[in-house]
Structure formats: structure tokens, C-alpha cells
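Please read it alongside the coordinates.

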Amino acid sequence: MNSPFIIFSQSRSGSTLLKRLLNSHSKIYCEGEVLTITDGYLKHSFGLKSARLFTIPYLWMRKIRSTDDVYGATIFIYHGRYIARNIQWLYKLGWKILYLEREDIVNQVFSNMIAAQTGHYHTENKRKEQSVRHVIPEDSFINLVNNRIRWHAKEKSILKSTKFLRISYEKDLMTAEKRELSLPDIFKYLSVEPEKVDTTLRRTYSRPYSQIVDNYESLMERLKYDGHTDLYELHVGYKANT
């Protein structure tokens, strides 16, 4: 049996999309956020505390239960206080790491906040997109931007002493064309033969957030005012090429 793997990421980075694509391969079984209650892998707070405290044996147990050739699970940077230790130990034990990153932190924050407002986190093929415009509180927006910056920095610090495959949501997963180019490298990294895979999951909104967020311009000004000009320019660059 091939080495198991971890998708190491954050929410609203494309982890569900990547998981579904991997699960459509005949030899891969990838689970979602196994260290949360919300995804249904754990049923109560005691189980959650135990899984986060004893993550390594918990993941090995889940792996043993899988009958597929390659087992994977999803872990986010904020899934417990021992994430750094657990990622490093999993690497030493032979687990492969898919580091999934969303480069446009501004879009990531918009995605997070609008999903929280609407309760709508994922989109299938036939969903009709709503034309509602949303108002995002400025202070909450900036606070979440700062949190995401810290999480991205912590991820990179944890991965310094490991080997991993970096996957960019924007460059590797955002469109079917990009997925077609990136997935063979992901399969090669996981030591499985490439297969044609697909999913009904699609981008939550086809329109840019500038057309969805009512106070978009004031948020961009606040972003620059608070010293995040680099994030603003990256965001504008991606928006121009979307």
C-alpha cells in the first residue's frame, strides 16, 4: 500500500474541491476535516479533545479502516494546539503532505465571511446564483485578514523542515483547465497512475466579489490604509485575470 497523505490547509482554500477530485480516483480515499465535529467524523467534545491530543494514532486508525490503496485526510492549521508537532511527526512517519494554499487572502476572507452570512459554503452544478449584495463589517474584515496572514506564516514555518507538494488554489484548481494540468503531478506525488477525474463542485460565485460586496471599495481603501497594499495588489492582479 502506498504512503498516506495529509491535505494541510485552511478553510475556503479549495480543500473540499481537492478532496472530491482525489476521491474520484479509483485508488484514493481522502477524508475531510477529521479533527472537527462539524464534518461528522467526531460526535462529541470528548472525542474531539482525544483526537486532537492523540492525533497520530487516531489517523493511523482511520487509515487502517480504509480499503483503498491510498488514504488521506484534511488538517487545518487551527485544528488544535499540537498541529505543528503532529504535521512534523506525520512527515517523519512517512505521510506525504499536500500543502494547499489560497494566495489571494482578500478573496479568501470574502469567501469566508459571505459563507458565514449565508450559510452557503459549496456550490454544485445546477445551483442558481443569487444576485444579492452583501455588506461586510470593516473591522471584522481586517481582523480576519490579519488572522489569515498569521496562519499562512505559521503554515510555512511548520513546513520548513519537511518536503511537501505545494498546490495553489488560483494556479492549480480554480478552473477545469488548470486542474487538468496540475492533477497529473499530484497523482505522481501520491504514487498513483493518473486518471481522468471530475467533480460537480464548482466555484461558489462566478462574479467577482467587487460585484457581490456592497461596500467593496471602502474595504479596499481600509485594506491599504492598514498597510496591506501587497495583498491589495495581489488581489487586484488575480481579479484582472479571472
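1. Basis of the values. This is a predicted model, in which local features need pLDDT of at least 70 and side-chain atom pairs count only at pLDDT 80 or more, whereas totals for chains, interfaces and linings use all residues. Residues are numbered from 1 along each chain as its sequence is written, and side-chain values use heavy atoms, with hydrogens and water left out.

2. Overall fold. The chain holds 10 helices and five strands (DSSP runs numbered from the N terminus, helices being H or I of at least four residues and strands E of at least two). Its radius of gyration is 18 Å, close to the 18 Å that the globule rule gives for 242 residues, so the chain is as compact as a globular protein of that length (the radius is taken over C-alpha atoms, and the rule is 2.2 Å times the number of residues to the power 0.38). Along the principal axes, the C-alpha atoms fill a box of roughly 50 × 40 × 35 Å.

3. Burial and contacts. Of the 242 residues, 48% are buried (under 20% relative accessible area, with exposed over 50% and partly exposed in between, for a 1.4 Å probe and protein chains only). Among contacts between residues at least 6 apart in sequence, 79% join residues at least 24 apart (contact means heavy atoms within 4.5 Å).

4. Strands S2 and S3. Five of the six residues of S2 are buried. S2 and S3 run parallel and are joined by four bridges (pairing requires at least two DSSP bridges); Glu33 has Thr74 in S3 as its bridge partner.

5. Largest pocket. H1 contributes the most, four residues. By class, the lining has 13 nonpolar, 17 polar and 10 charged residues (Ala, Val, Leu, Ile, Met, Phe, Trp, Tyr, Cys and Pro count as nonpolar, Asp, Glu, Lys and Arg as charged, and the others, Gly among them, as polar). On a 1 Å grid over the protein atoms alone, a pocket is an open set of points with protein on both sides within 12 Å along at least five of seven lines, a cavity is a set where a 1.4 Å probe fits but cannot get out, and lining residues have an atom within 4 Å of a point. Points are joined across faces, edges and corners, and a volume is the space filled by probe spheres set on them.

6. Second largest pocket. Here the volume is about 290 Å³. H8 supplies the largest share of the lining, six residues. The lining divides into seven nonpolar, no polar and six charged residues.

7. Ser111 lies in helix H5 and counts as buried because its relative accessibility is 6%. Beyond its neighbours within four places in sequence, Ser111 contacts Arg12, Arg102 and Tyr209.

8. Tyr238. This residue is found in helix H10 and is buried, at 18% relative accessible area. Residues up to four places away aside, Tyr238 touches Glu103, Asp104, Glu170 and Lys171. Tyr238 and Gln108 are 130 residues apart in sequence and 12 Å apart in space, C-alpha to C-alpha.
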